[in-house]
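Please open the structure in the viewer and keep the selection tool at hand.

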Amino acid sequence: MSFVLPPRPKVGLVLTGGGARAAYQVGVIRAIAEMLPDKAPNPFPVICGTSAGAINAVSLALSARNFHDGVRRLASVWENAHVNQAYRADPVGAYGNAARWFASLLFAGLGKRAAVSILDNSPLAQLLKQSFPLGGIRKSIDAGALHALGITAWGYTSGQSVTFYQGVDSIAPWKRHRRIGISARIKVDHLLASSAIPLLFPAVRLNREYFGDGSMRQLAPISPALHLGADRVLVIGVRKAVDTQPERVKVDSYPTLAQIGGHIMGSIFLDSLDVDLERLQRINNTLRMIPEEKLKNHELRHIKSMVISPSVEINRIAEEHAHTLPRTIRIFSRAIGAMRRDGSALLSYVLFEESFCRALIELGYQDTMPQRPQILRFISGAAED
């Protein structure tokens, strides 16, 4: 009598956006790597990333044949991060670009050197080209260590959330309301487009239109992983889960630009994930009420999910490390109120400095290690309903 083991599920890893907050994801991934044997292959056949999460996703995809190597390379980038690797922070680069941007607003974009964003992120383009040999994605797929990699960006003209994916030939493109999937050979421009925070960083032209940060109106951030074949998803968020409603207090002062900007960033990067997870749970609960024989030809399927998110507010950590920013950026941040407590949310998205990133990596690691049994069961396929 022969016994055939059921196939292991395709576990999808979903890495959300959040600027410098994405360093938290590195700590989570480092902890997961320590749970696995040395030289173990990538435990996530499907990897999807958005914004800064796209950069983390690509690093893991490149080293899918040796998960530990990929994690070490990724950690090295974040642990040695400096603002001037993400955008120009020198006086000429920072103030000059911002001045040209404001001038282009006043004069309707006239002039050959009209700036299209407040910050110049050319250093990030250089860092990506040097650190991530993207030809390795195809090698990971051909070796069977990676099923698919998806990078999401937002089309300014079409208004569509577009997931550019590179994977096995059997994956079919998809089209849903305001979101589509397109097969592509992932390049640096896809990463720059996905992480182009609106107004702060310039949009990037891909094919026929300009694209910006993939978190914008990404109404279903888990969906790309499912389209790419994931049977279950591990989501790494970058905001502390809140179970209670915030206390409503009386305020006397008008909100600062940084406070308003922080709320805008939160709505772009964070809110849609909570809604999508709630939707996923609601569908799962509904499917449990339907007899199994009636689900055989149904498009909907039960998807197991697991979420790891910060145990403390990242805004507060940003406050502690705000002084590490270059002087030019501190002056600008102070002018718009970002150095104040109520403006620290905005600061947390652009604080690409070593001490802040290391603090987030450590937080991610400490939040993840106590969940070792649950995580190992989840990625092995043994997680219970």
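The stops below go from the whole chain to a helix, a cavity and a loop.

**The whole chain.** Begin by displaying the entire protein chain, bearing in mind that this is a predicted model. Its secondary structure comes to 16 helices and ten strands. Of its 385 residues, 53% count as buried. Contacts between residues at least 6 apart in sequence may be considered next: 77% of them join residues at least 24 apart.

**Helix H15.** Select residues 354–368, which form helix H15. This helix has 15 residues and reaches 21 Å from its first C-alpha to its last, close to the 21 Å expected at 1.5 Å a residue. Now colour its buried residues: Phe356, Cys357, Leu360, Ile361, Leu363, Gly364, Tyr365, Asp367 and Thr368.

Which elements do the buried residues of H15 pack against? Display helix H1 (23–35), helix H3 (67–79), strand S10 (304–308), helix H12 (314–321), helix H14 (344–350) and helix H16 (372–380), for these are the partners.

Cys357 is buried because its relative accessible area, 0%, is under the 20% cut-off. Cys48 is also buried, with a relative accessible area of 5%. The structure holds zero disulfides.

**The largest cavity.** Next, turn to the empty space inside the model. Rolling a probe the size of a water molecule over the atoms shows where empty space is left. The structure holds four cavities of 30 Å³ or more, and the largest has a volume of about 240 Å³. To find this cavity, select Ile55, Trp78, Ala86, Leu124 and Phe352, the closest to its centre of the 18 residues that line it.

Which helix gives the most to this lining? Helix H6 does, with three residues. Helix H2 (52–62), H3, helix H4 (83–86) and H6 (122–131) each supply at least two residues. Colouring the lining by residue type gives 13 nonpolar, five polar and no charged residues.

**Ser117.** Finally, select Ser117, in the loop between helix H5 (91–106) and H6. Is this residue buried or exposed? Ser117 counts as buried, because its relative accessibility of 3% is under 20%.

Key. Residues numbered from 1 in each chain as written. Predicted model: local features only at pLDDT ≥ 70, side-chain atom pairs only at ≥ 80, totals over all residues. Heavy atoms only, no water. Helix = DSSP H or I, 4+ residues; strand = E, 2+ residues; numbered from the N terminus. Expected span 1.5 Å × (residues − 1). Buried < 20%, exposed > 50% of the residue type's maximum accessible area, 1.4 Å probe, protein only. Contact = heavy atoms within 4.5 Å. 1 Å grid on protein atoms, 1.4 Å probe; cavity = no way out; pocket = protein on both sides within 12 Å on 5 of 7 lines; lining within 4 Å. Points joined across faces, edges and corners; volume = space filled by probe spheres on them. Nonpolar A, V, L, I, M, F, W, Y, C, P; charged D, E, K, R; others polar. Disulfide = S-S within 2.5 Å.
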